[in-house]
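Q: Can you walk me through this one? I have the sequence and the coordinates open and want to go over chain folds and contacts.

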Amino acid sequence: MQSRAKKLLLEMHTPRQWLALAAVAGIVLVAVPVLNLATTPTSALRVSDHLIPLFGKFLCFALVAVAVDLLWGFAGILSLGYTVFFACGGYTMGMYLMRAIGRDGVYRNELPDFMVFLDWHELPWYWRGFDSLGFAIAMALLVPGIIALVFGYFAFRSRIRGVYFSIITQAFTYASMLLFFRNETGFGGNNGLTDFKRIAGLPLHEQSTKVSLYIASGFALLLGYLLCRYVVCSKLGRVLVALRDQELRVMFAGYSPLKFKLFAWTLSAILCGLAGALYVPQVGIINPNELAPSKGIEMAVWVAVGGRGTLAGAAVGAVAVNGAKSWLTAAHPEYWLYVLGSLFIAVTLFLPRGLVGHLAVVSRRITTWRKQCKLPRISIHNRP
Amino acid sequence: MVSPDQPGGPGASLQAALAQLASGDMAAIKSAIVAIGELEDPVALTVLEALRERRLRVAATGQVLIASSDGATLREVISGRSASEDLESLGEIAMTNTVRRALRASVARLQIASPDSAVRRRAAAVLAKNGPPAALVEFLRAAHDSESDPATRVNLALALAHHDLSSEDRERRLAAIRSIARAEVRTFKPQLEAMVGRGEGGEYSESDDEIRELALSALSAVERNELAGRIVRDLVYGLSLASVLVLAALGLAITFGLMGVINMAHGEMLMLGAYTTYLVQSEFAGRVPDWYAYYLVAALPAAFGVCFATGAVLERAVIRYLYGRPLETLLATWGLALLLIQSVRSLFGAHNVTVPSPAWLSGGYTLVEGVILPYARVAAIALAALITIFIAALLYRSRLGLHIRAVTENRAMAQAMGIRTARVDTVTFGLGSAVAGLGGVALSQIGNVGPELGQGYIVDSFLVVVVGGVGNLLGTVAAALGLGIVNKLLEPATGAVLGKICVLVVVILFIQRRPKGLFALQGRAGQ
């Protein structure tokens, strides 16, 4: 039993990789919160307060990137519609947070402010149950899952592949964006849901709440990453990779692609929903702009920058691109689009494997070079 | 109309009435206006129209003067001699609402009595729309019976119907309803609805069965007419939306359909075309204002050239390295789109620029009551049709088209036959971009021109190409027409946003059923 578990762990990562993962997790989950909470504001080691929600946001994006990479990197399906699932998770959490405001809104009403503004007198049926955090979290996972299951079933059944899938998912996001922009849809229209006050009784403006949310995002990312790593190392993952490379051959070998694709697609949608649910309380707003088609493409670029088919690389890419974005939009807002645009082009032209992918290539070259130095070359047939 | 024969003839009575006008007493002014309205003098209408347009002045001597419409010259009413008084120093004739009402009635009466049939027709149309003053009813009845022009006659009958619908005389009411039913105008819809409706106690508000039934049939005629008007409007607007979609999607049908390149920067080619139009327009306004009306003629080749060059450069620099990797192409071209948007924003500013339409394109043509088709839209439809023909001819009737199709079908074989495939790729991509540029010229005439112009079209145009079937021009045009018209037909029932969502959902479902589009290629080429 123990050896099976050990074998599984070793399949997922080499010992050295586990060590690196533990180190990163330690920094993200322990060191950063400690450096924020336990140091004095003037200390050189201090992680300042405003950085915590920002890092938390990056972690949520990293989780999305891992989910995108599961599908794109390992099943070869690029969806531009992850924003829908992200926003679904975000909106369900937002609905809970709106209900948690209680009577503290501008209108001192039981109903959320925008409903009072629209002259609604009772909650729409789909807002019921969102008084409870547990229900909201369950919905943040279930709703994206169900939408993905239904959408994916129809799309994969009619064997929509490649760019067609990308275009359809983009149209899907676009349609949802239009839907959420309407006031009548009941999610606050243009303005979305905002002005949150507290989560599970804790005030959102307290630093301790922010740090807790940050740590929760970190754990979500860690668990999501390990889950995806487990999936891609399993037999199911092998089938996915085979589908990516030679779909027809896999079908002729007796596999039905539908189930495998549907599983990966739904799982990644649920992870996106989770990311969205953690994202909203940290940034304090969710509105239909999150559904803009451009956001969906941006998510793909995080993965492309980090490296497709590496999972860890996707997370790195998301943090790197968003870090650059935060810095540039504050320092030189007019250059951000130039940088982002060039990044899109440069990565596809010069770094098709992404940062981490190329790092892996380089390190592999170094090891083979070392081996070649140690061993005398016996035969040319051994060369790769 | 026969005016009361007064001693001294019509000229004398006009003089008397003018003297009353100048008196400044409200009752006198009113009776003077009524008196002038009953004169059979061509000058009478001129005087009253001048009064209505506040161009009538009274000199200190009591003389009444008419100012020309630009206020530059003054002349005496009866003699027509020009007067040399200062316009500012002269008194105006005071107006109250009762005076204005009397004035309206008198002007209408003089116009209906005019020997000029065009003047009569215009006046009758106004009366039919707004209803006649009560004092004029008997006069109009006589005018209706003696009228020879059919259009004027119908309008006069309608004008009378305003009055007769509530008349005591049963025959009059029947006649009024009949003329409404014949003309099928919706002005009377509320009255007709009131006639066929029931009161609070459940009894009909109109007790006469015959009148009620006639009103009912008139109402349905009116409603039929309304429905027909709505359908015409939706079809025309749908066609106009479809032409925009065709313009946006045709270039994409070339780059995506024929080359398999997902060009997310395609919308930006539309934007570049529109900005080229803006530049050409401002150059014309600055350098050759005499030729300003024709700047569009120059903008078309300019946009074609600019976008062809941009497309060809992009293909050489980026896209040719990505053939066979569609998803990477998608990302790289999205990056190109961002670069183009930001460059335009830096050059021209983030705000929309205005591209005024030349005079011959502004205005519109009234199709049915309330449905105006702007000339700019007509031009867009025509341009879309022309470009489609141009592209079809190029692809299926020219040597270049033959090469393009050959490379599309079998690249290796085409290369073996001596076709320079790399050059064909560049030209094809440039061509697709150039067609988008032409679309941009049309879009600049019917919408806003801003850096994000293209972003709004990218989802739609990809859907059009996918629905139409990739690599299929006919399919692209058919899909654009279908989507445009369905969109506009849905709009009144669901609202613009929900209509759009419905169309997107329908398209997604449609692609489920027919993943290869409307006109799927058969056999090996379809794989």
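A: Chain B has 20 helices and seven strands, where helices (H or I, at least four residues) and strands (E, at least two) are DSSP runs numbered from the N terminus.
A: This is a predicted model, in which local features need pLDDT of at least 70, side-chain atom pairs count only at pLDDT 80 or more, and totals for chains, interfaces and linings use all residues. Residues are numbered from 1 along each chain as its sequence is written, while chains are lettered from A and ligands numbered from 1 in the order in which they are written.

Q: What box do the C-alpha atoms of chain B fill?
A: Roughly 105 × 70 × 40 Å, along the principal axes.

Q: Now the helices. How do α14 and α17 of chain B pack?
A: Helix α14(B), residues 375-397, and helix α17(B), residues 421-446, pack at about 170° with their axes 9 Å apart. Axes are lines fitted to C-alpha atoms, for helices over the stretch in contact, and angles run from 0 to 180 degrees between N-to-C directions. That makes α14(B) roughly antiparallel to α17(B); the word applies to angles over 145 degrees.

Q: Which residues make the contact?
A: On α14(B) they include B:L383, B:I387 and B:I391, and on α17(B) they include B:V435 and B:L438. Contact is C-beta atoms, placed from the backbone, within 7 Å.

Q: Switching to strands, what is the order in the five-strand sheet?
A: It is an open antiparallel sheet of chain B, in the order β4-β3-β2-β1-β5; two strands pair if DSSP finds at least two bridges between them. β4 (82-83) and β5 (91-92) of chain B are at the edges with a single partner strand each, so one side of each has no neighbour in the sheet.

Q: How many bridges join β2 to β3 in chain B?
A: Three, between β2(B) (residues 64-67) and β3(B) (residues 74-76). B:L65 has B:E76 of β3(B) as its bridge partner.

Q: Last one: how many residues of chain A are in contact with chain B?
A: 37 residues of chain A, with 32 of chain B. α7(A) gives the most to the chain A side, with 14 residues.

Notes. Angles under 35 degrees count as roughly parallel, over 145 as roughly antiparallel, 65 to 115 as roughly perpendicular and the rest as oblique. Two residues are in contact if their C-beta atoms, placed from the backbone, lie within 7 Å.
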